[in-house]
Amino acid sequence: MISIYIITVFAVVVSLIADRRKTVKSLKVAGRKMLKITPAFLTMTIFVSIALYLVPDETISRYLGHENKVLGLVIAYVLGSITLMPGFIAFPLCGMLLEKGVSYMILSGFSTTLMMVGVLTFPVERAYLGTKVAVLRNLISLMIAVVVTLITGLCFGELFR
Amino acid sequence: MNRRSWVKLVVVVCYLAFIMISAMIDFSPGKKIGSNFIYFWADLIKVLPFAFVLIGLFEVWVNRETVERHLGEESGARGYLWALVLSGITVGGVFVAVPVAYSLHKKGAALGVIFTYIGASAVCRIPMNLFELLFMGLKFTAIRLAVSLPLVVLSSVLLGRSLKKQNAGFNPIGLDAKQASNRTGKSELKERHEL
């Protein structure tokens with residue numbers, strides 16, 4: 001996380017040395033862009049705050065450990081698609097679930113959809129890409145997640161067990 | 001303001017009122033939702049302003065020819081390679097990758113390259129993969145990357161091509177309004193209210 005601060009400060013300083021006017025213009029562009037996208041972010045954070053209340057970590061752990069493989073996978077996809085968490089929370093959670101006996105296959109489906117499919121981030125995606133492209137991108141991502149899951153299951157010998 | 005923005009405004013106001021009243025009368029679901037909201041915004045504020053400053057610098061300093069040469073339709077495989085490298089060093093996730101992708105696209109990067117960047121930044125960001133490696137092991141991480149990255153590139157190429165064939169690109173909400181107002185000659189004013 002700290003790298004982005006260093007890079008940004010460095011870039012601004014270099015830009016200032018090179019051309020003050022251009023730098024001021026860049027900052028204005030940045031401010032205007034941020035202001036424009038704020039409503040979409042507001043919608044997203046409202047969704048997220050409610051979703052996190054309805055689906056807390058404990059619920060995720062409980063449902064992912066389901067005995068029925070197919071049902072467990074479907075639950076993993078649904079939970080992964082709707083919830084949103086940063087990598088530094090998601091993977092420790094997955095590691096914990098792994099110790100609890102959840103299969104690699106299920107965790108692969110959960111983590112991949114978590115990263116690639118964003119129901120909650122949809123307002124932001126839609127604002128930039130448009131509805132059609134955003135929907136297509138998410139559907140393709142879901143398909144990729146399914147392939148990843150099946151191959152993970154195959155490699156760890158969990159698919160046909 | 002159109003009707004859609006009014007509805008949004010009402011929803012936001014109701015939501016904030018709900019959070020505040022919950023805090024006052026000690027209604028625990030409302031308080032939990034409120035703390036989630038604040039927690040999430042705190043997370044966003046740590047990354048977003050910096051990301052947007054970098055985007056602003058990019059838009060002003062980097063000229064269109066450079067982007068087109070390295071990431072445009074003619075760049076070939078090199079453009080995709082660049083997209084993968086860029087995604088590896090992206091911080092934050094979809095909500096940073098998508099604005100960056102939008103700026104790149106406006107400067108002339110090919111659609112396939114853009115989708116590769118967005119997709120890859122979801123599965124392969126180096127800081128995130130380090131956590132994955134640590135908690136899930138090398139085999140799990142390697143399989144996930146080896147399977148998903150080629151699929152991301154392949155699907156992006158196909159999606160980019162099909163959109164180009166339909167002559168459709170990004171269609172940001174509000175850009176239509178901008179184009180419409182361009183025709184009437186008062187672009188700048190209206191653009192400020194839209195994306």
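Here is a short chat about this predicted model and how its two chains meet.

Me: Before we start, what kind of model is this, and how are things numbered?
Reply: This is a predicted model, where local features need pLDDT of at least 70 and side-chain atom pairs count only at pLDDT 80 or more, while totals for chains, interfaces and linings use all residues. Residues are numbered from 1 along each chain as its sequence is written, and chains are lettered from A and ligands numbered from 1 in the order in which they are written.

Me: New topic: how do α6(B) and α8(B) cross?
Reply: Their axes come within 8 Å and cross at roughly 150°. Axes are lines fitted to C-alpha atoms, for helices over the stretch in contact, and angles run from 0 to 180 degrees between N-to-C directions. α6(B) and α8(B) are therefore roughly antiparallel (over 145 degrees).

Me: Which residues make that contact?
Reply: Among them are B:F115 and B:V123 of α6(B), and B:L149 and B:V153 of α8(B).

Me: Last one: how is chain A divided?
Reply: Chain A has domain 1 (1-38) and domain 2 (55-155), with bounds from an automatic or database domain assignment. Their C-alpha centres lie 34 Å apart.

Conventions
Helices (H or I, at least four residues) and strands (E, at least two) are DSSP runs, numbered from the N terminus. Angles under 35 degrees count as roughly parallel, over 145 as roughly antiparallel, 65 to 115 as roughly perpendicular and the rest as oblique. Two residues are in contact if their C-beta atoms, placed from the backbone, lie within 7 Å.
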